[in-house]
2 protein chains.
Amino acid sequence: MTIKEQLARRAAGVETYLTGCLKDRGIPERLLASMEYSLLAGGKRLRPVLVLSWAKMLGGPDIDDAVMPFAASLECIHTYSLIHDDLPAMDDDDLRRGKPSNHKQFDEATAILAGDGLLTEAFGLMSAASIVKGLPADRVLRAILVLAKAAGAGGMVGGQAVDMEFTGRDGVPLEELRGMHAMKTGALITAACECGAILAGGNETDVDKARGFGKAIGVAFQIVDDVLDVVSDTETLGKPAGSDEAMGKSTYPALIGLERSKELAGEHIDTALTHLSGYQGEEKGFLSELARYIVDRVY
Amino acid sequence: MTIKEQLARRAAGVETYLTGCLKDRGIPERLLASMEYSLLAGGKRLRPVLVLSWAKMLGGPDIDDAVMPFAASLECIHTYSLIHDDLPAMDDDDLRRGKPSNHKQFDEATAILAGDGLLTEAFGLMSAASIVKGLPADRVLRAILVLAKAAGAGGMVGGQAVDMEFTGRDGVPLEELRGMHAMKTGALITAACECGAILAGGNETDVDKARGFGKAIGVAFQIVDDVLDVVSDTETLGKPAGSDEAMGKSTYPALIGLERSKELAGEHIDTALTHLSGYQGEEKGFLSELARYIVDRVY
């Protein structure tokens, strides 16, 4: 199986769980439709897959089922952030994954509430990993704290705030751009790996390695995203290509050029791979290939 | 001490904790200013006070310190809901607690992100009640699940969605109005009492009584809010009086009249008090007086 096929197969497992996770919760019909419209709009399910893979590498394949609600919660958080980022007051994007963005399909109020709802349900799912699935409560709580920090105002939410301050501002230095990306997209990807290690009962060295791996692929992922916005087309991206430049956004290609951007992404993947040394088996193989695949997308 | 003084004294303790709880978390300056602008804008701190009082009634006064981060998290959730409800796409309110609402003082994007940030930090604070303060992890996780359900799309967020559907619609039946309020404001007040009982290690009977008490005062609280919107003035309310009527909102006074609304609120307080039978001491006295005070505000 190619890495693309492996990823699709794992994503399908997450998809099945996501499809059921909002049912029978007393959510008003239109709000539920709006939440599911975005949550079930496809995507690589990268963050849940990372949680599951790190958990399985350290805790064995049987941990999969118990970790799933927690893994799914990361997709809820990721989805809510996309819905809110697309709002007219934010990036004002009409398209997302090739379909009308949430506020275009429904309305602005519903989109705000759908995001709020997904964020809140996410924490319910996390607690279910212990209460329903029996993972030790102290591990789950520790993972909740890691995720709340990563997704919160000192992480993803703060990164979006800084990104908005940067937009239209000329000459944002590379260091500041890196800091913003580390918060906006890096923190959640890092937390995905870290939470997988914590939930599996990994020791401090494992958790450090998971964090190091996550940070490195997070940076690479963002650089690749910037590069794709330049070299790809709207159909492939599922959102308007060239929108970063049109919005006056600081990007890696704009700051250091296209070729150096690709090189830099590759260097970060090399760093990521060093954090997998000492592990073995199927999950190590999967995580290595996944890391390389992130960069291969631009070639 | 009058109940008003007791309430103010307890609110001051919560205030002190809230003032420090967002510091040193790497939150970008303007976003932090926006979050604290709304979080520290005063208010009765009713929800945290309820968590603390139920926890102390069942767990003794020494539990106060350990429960505080969890109690504070309810104020973060309440505050985020006010910020998002005030947005132009929602209730479009320019005033909140006598000051410009968050998006008026800052901007719409910042207000959305401040709300998202407060909601996310809230769950970090909840986990800290165990990780930093040593409460048993399984109790804290159970309380997190209760709160996520109450605040989420099947609770508070869903209630706001239904409220928006009701706005401008004529002849919403009382039963549907009750259902909406039970979600929009009742769920979080109920969860406050329930979480206090859970965190203190109360048994199932205690948790049921806490839930019953919370539900009853929640309904009374909402009726009183509707009544105050009719009988009070803008200065006292800190928001435009009569705005419910202007927005075409279904309210208790509009549906059953002012006098019957006041009576009904009183009946719910009587129900609340029955759930305190069997308890004793200072906290029972406080909770009883607090329940009566909710209704006394309209006389």
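Which side chain does B:Glu283 meet in a salt bridge? Its partner is B:Arg10, at 2.9 Å from N to O. A salt bridge here is a side-chain nitrogen of Lys or Arg within 4 Å of a carboxyl oxygen of Asp or Glu. This pair links distant parts of the chain, with B:Glu283 in helix α15 (residues 282–296) of chain B and B:Arg10 in helix α1 (residues 3–20) of chain B, 273 residues apart. Helices are DSSP runs of H or I with at least four residues, numbered from the N terminus.

Before going on, a word on the model. This is a predicted model, in which local features need pLDDT of at least 70 and side-chain atom pairs count only at pLDDT 80 or more. Residues are numbered from 1 along each chain as its sequence is written.

Back at our pair, B:Glu283 is buried at 9% relative accessibility, and B:Arg10 is buried at 16%. Buried means under 20% relative accessible area, exposed over 50%, and partly exposed in between (1.4 Å probe, protein chains only).

Now look at B:Glu175 and B:Arg178, whose side chains form a salt bridge at 3.7 Å, N to O. These two sit three residues apart in helix α9 (residues 174–199) of chain B, so about one helical turn separates them. B:Glu175 is exposed at 58%, while B:Arg178 is partly exposed at 29%.

Finally, step back to both chains. Chain A can be laid on chain B with an RMSD of 0.0 Å by a turn of 180° and a shift of 0.0 Å along the axis, superposed by least squares on the C-alpha atoms of residues with pLDDT of at least 70 in both. The two copies are therefore related as by a two-fold rotation axis.

Note on methods: Chains are lettered from A and ligands numbered from 1 in the order in which they are written. Side-chain values use heavy atoms; hydrogens and water are left out.
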